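Here is a short report for a reader meeting this structure for the first time. Keep the sequence and the 3D view at hand while reading.

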Amino acid sequence: MTITDYRRWAAEPNTAAVALSVVIPCYNEEWRILPTIGAIATHVSSMGLTWEMVIADDGSTDDTVDLVRALDLPNLKLLVAPVNGGKGSAVRRGVQAAAGDLVLLADADQSTPIEQLDKLKAAIDRGGADIAIGSRGAHGAMTENKNAVRKIASWGLNRLITLLYPLRIRDTQCGFKLFSGRAARLLFDQQIIDGFSFDLEVLYLAHRHGFAIREIPVVWIDAPGSTVSTTKVAITFLRDLALIRWNEIRGRYGASKPQVASVL
Amino acid sequence: MKITTTSQGHTVTRLEGRFDAHKCDAFNEHVAKAVPGQMLLDLSQIEFIDSSALAALVALSRDARFELMIINPSDPVRVILELTAIDQVLTIVETVGAAPDREPGSAAQGG
């Protein structure tokens, strides 16, 4: 029974090894974070595995931290940053604190409903994938409420990525990604970019290490109250595309590893 | 989000799907057309409810024209209502049968 499973998770600290960590970066999400925590906790508690939630706050100036702290949930780790460092920095801290054999990155707005986790997990459980990423561009994906400007911007940026990088991935930016624990910890130890382009950087590093990546079509709903402007996203992203190249040239990602698997 | 209304003894409005900010206008339009009095909202088929929708429910609970009761919320909704403490301000019953009988157009006294 779902509600019983949730109540047990909400009351009793985990004693077994953590199978799944759900990492949620957030910045000024006082309006959205509690429903997201509720939705995720309800669904994941019913999956029959030992799991934890990691809220990686990125220097929120609203009541996000107080609201989460007040829940006093024993299997929720709250990480608080003194200043806003960027989504990439928050995710990195969250992953480094995660103990799970699998690590899910999810956004604070539930734009990808948590039920989509089942498909990503199945892709990794079947074998052949170290990373399963939610994709709004893969065949079978459904998006709702995405405005025209964002659609055009996403298409343009994804085309540019395809041209510049050896990544045959249609959607690098969907915030719903599931990693094996080994892949997550290795990649986020190397990952440098603090902003939201970290998604592309992590996938680039994953390809570089030969991790197998599966792109899984997901339902995605444009949640109102986005804190990001489309123009700013595009400009910053273009800058970071060049930055990843420059980091590679300067050897900041370490020596290349032989390619042992291809991006699926 | 689908909104359907059935009347068998009690008039019950059933919401299905995701109740979020995009659906609040449709919900408020439905409320604007509703007969004042007891309003039974069946949330058993709601997959997710966000803060905008919660605010719409709280506003409705404070509307003197209506006596709002939430019927059998789904597990995700139940948990979200608890985490936000909104379960303390809404009347929640498990079945339609648990709702008191009211004459059409009347609400509970006081409140």
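A:D107 and A:K87 join their side chains in a salt bridge, 2.8 Å from N to O. A:D107 is partly exposed, at a relative accessible area of 22%. A:K87 also counts as partly exposed, at 27% relative accessibility. The model is predicted.

**More salt bridges**

A second pair in chain A is A:D199 and A:K177, whose side chains meet in a salt bridge at 2.9 Å, N to O. This pair, too, links distant parts of the chain, 22 residues apart. A:D199 lies in helix α8 (residues 198–209) of chain A, and A:K177 lies in strand β7 (residues 177–180) of chain A. Are these two residues buried or exposed? Both A:D199 and A:K177 are buried.

In chain B, salt bridges with shared partners tie B:R18, B:D20 and B:K23 into one network.

A:D66 and A:R69 form a salt bridge within one helix: their side chains meet at 4.0 Å, N to O. Both residues lie in helix α3 (residues 64–71) of chain A. They are three residues apart, about one turn of the helix. A:D66 counts as partly exposed, with 47% relative accessibility.

Over all chains, the structure holds 16 salt bridges. The table lists some of them.

| Pair | N to O distance |
|---|---|
| A:D107 and A:K87 | 2.8 Å |
| A:D199 and A:K177 | 2.9 Å |
| A:D66 and A:R69 | 4.0 Å |
| A:R7 and B:E82 | 2.7 Å |

**Where the chains meet**

The last pair in the table crosses from one chain to the other. B:E82 forms a salt bridge with A:R7, and their closest N and O atoms are 2.7 Å apart. How many salt bridges does the rule find across the interface of chain A and chain B? It finds one.

The size of an interface is often given as the accessible area lost when the parts come together. Chain A and chain B bury about 1600 Å² between them. Carbon and sulfur atoms carry 64% of that area. Chain A brings 23 residues to the contact, and chain B brings 20 residues.

**Two helices with buried residues**

Take helix α1 (residues 2–11) of chain A. Its buried residues are A:I3, A:D5, A:Y6, A:W9 and A:A10. They lie on the same side of α1(A), because they cover an arc of only 160 degrees around the axis. Their cover includes α2 (33–45) and β2 (51–57) of chain A. It also includes α3 (75–83) of chain B.

Now turn to α3(B). Why is this helix largely enclosed by the rest of the structure? It is so because seven of the nine residues of α3(B) are buried. The buried residues are B:P76, B:V77, B:R78, B:V79, B:I80, B:L81 and B:L83. From chain A, their cover includes α1, α2 and α3. From chain B, the cover includes β3 (37–49), α2 (51–61) and β5 (92–93). Just after α3(B), B:A85 takes a positive phi of about 65 degrees.

**A buried cysteine in chain B**

B:C24 is found in helix α1 (residues 24–33) of chain B. B:C24 counts as buried, at 9% relative accessibility. Leaving aside its neighbours within four places in sequence, B:C24 is in contact with B:F19, B:S52, B:A53 and B:A56. B:C24 and B:L57 are 33 residues apart in sequence. In space they are 9.7 Å apart, C-alpha to C-alpha.

**Chain A as a whole**

Chain A has nine helices and nine strands. Of its 264 residues, 53% are buried. Consider the contacts in chain A with a separation of 6 or more: 82% of them involve residues 24 or more positions apart. The accessible surface of chain A comes to about 11300 Å². Carbon and sulfur atoms account for 56% of that surface.

One part of the surface is a nonpolar patch formed by A:L243, A:W246 and A:I249. Together these residues have about 320 Å² of accessible area. A:I249 lies in helix α9 (residues 230–249) of chain A. With 65% relative accessibility, A:I249 counts as exposed.

Notes. Residues numbered from 1 in each chain as written. Chains lettered and ligands numbered in written order. Predicted model: local features only at pLDDT ≥ 70, side-chain atom pairs only at ≥ 80, totals over all residues. Heavy atoms only, no water. Buried < 20%, exposed > 50% of the residue type's maximum accessible area, 1.4 Å probe, protein only. Arc of directions from axis to C-beta. Contact = heavy atoms within 4.5 Å. Patch = residues over 30% accessible without salt bridge, like charges linked within 9 Å, V, L, I, M, F, W, Y side chains within 5 Å. Areas by Shrake-Rupley, 256 points an atom, 1.4 Å probe, with all protein chains shown as cover. Buried area = accessible area lost by both parts, 1.4 Å probe.
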